[in-house]
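This report goes through one protein chain from its overall size down to single residues. Keep the sequence and the 3D view at hand while reading.

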Amino acid sequence: YMFEIKNFFPTMVGITEVDSTTRQNTYDTVMTYVNSERGNSELIQPSNENLSTTFHLNQDIIKHLNLNELNDCILHCAVEFSRRIGVKRKRENFNIYSWLNKFEKNQLEHQHTHLPHFISGVYYVVADENSGTLAFNDPCPVRIFWNQIHCSELVSDEILVQTVQPKSGRLVMFPSWQPHFVSKNNSQLRMSIAFNLEYKDS
């Protein structure tokens, strides 16, 4: 018999490495800011933020630090990501809101989503092979339940969770509904810029 099997309902995750100039300029700017008196006074966790790793400002940190090269890279990838999921979105109609994540050794972040936003992502300013991984959970609870009942021998981290290894200069993008978490960080410092993208009609 000719028996064709198709993989329906895939989840798209975009990964790229920024160019060396963008990586170095972003690193220099962010580290100078974080270690400055200005950064120490501005990077205060809001009272409504329950994650010790997350630092929001009253504005987008990419614009606040004039990280124009990183901004351009994110917008370029957002247009391509939108095209690949089947919708056309113009670069000039995207709005970015970004913030700083700083993980010290043994810190982690529990599962969450970025709903109701359109696209979310992260850029790694400082990360290495010991940094906590970005982990994506299977977003379908019915499939998880079915696997546990009928395919218990297949139920493993490889089936239920897919991971991306952080790396300095790496940019990751995913739909905002995708559940994800950060595993325990084993490096001395894991610093990233997380962001949400919205699309506004002109």
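**The whole chain**

The model is predicted. Its secondary structure comes to 6 helices and 10 strands. Along the principal axes, the C-alpha trace spans about 70 × 45 × 35 Å. For 202 residues, a compact globule would have a radius of gyration near 17 Å, and the 18 Å of this chain agrees with that.

Of the 202 residues, 42% are buried. The chain exposes about 12100 Å², and carbon and sulfur atoms supply 51% of this area. Contacts between residues at least 6 apart in sequence can be sorted by their separation: 86% of them join residues at least 24 apart.

**Helix H4**

Helix H4 covers residues 68-84, which makes 17 residues. From its first C-alpha to its last it reaches 24 Å, close to the 24 Å expected at 1.5 Å a residue.

Which residues of H4 are buried? They are Leu70, Asn71, Cys73, Ile74, Leu75, Cys77, Ala78, Phe81 and Ser82. In the list, Leu70, Ile74, Cys77 and Phe81 are among the buried residues. Just after H4 comes Gly86, with a positive phi of about 100°.

**A sheet of four strands**

An open sheet has 4 strands in the order E4-E9-E6-E7, and the pairing is antiparallel. Strand E4 (109-112) and strand E7 (161-164) stand at the edges; each has a single partner strand, so one side of each is left without a neighbour in the sheet. Direction ignored, neighbouring strands of this sheet are turned by 20° against each other on average.

Inside this sheet, strand E6 (residues 134-137) runs antiparallel to E7, and 4 bridges join the two.

**A buried loop residue**

Is Gln178 buried or exposed? Its place is in the loop between strand E8 (170-175) and strand E9 (180-182). The relative accessible area of Gln178 is 2%; buried means under 20%, so Gln178 counts as buried. Leaving aside residues up to four places away in sequence, Gln178 touches Thr11, His112, Thr113, Phe136, Asn137 and Pro139.

**Backbone details in other loops**

A cis peptide bond joins Leu115 and Pro116, with omega of about 10°. Pro116 lies in the loop between E4 and strand E5 (119-126).

| Residue | Phi | Loop | Relative accessible area |
|---|---|---|---|
| Asn66 | about 55° | between helix H3 (61-64) and H4 | 57% |

At 57% relative accessible area, Asn66 is exposed.

Methods:
Residues numbered from 1 in each chain as written. Predicted model: local features only at pLDDT ≥ 70, side-chain atom pairs only at ≥ 80, totals over all residues. Heavy atoms only, no water. Expected span 1.5 Å × (residues − 1). Buried < 20%, exposed > 50% of the residue type's maximum accessible area, 1.4 Å probe, protein only. Pairing = 2+ DSSP bridges. Axes fitted to C-alpha atoms, helices over the stretch in contact; angles between N-to-C directions. Contact = heavy atoms within 4.5 Å. Rg over C-alpha atoms; globule rule 2.2 N^0.38 Å. Areas by Shrake-Rupley, 256 points an atom, 1.4 Å probe, with all protein chains shown as cover.
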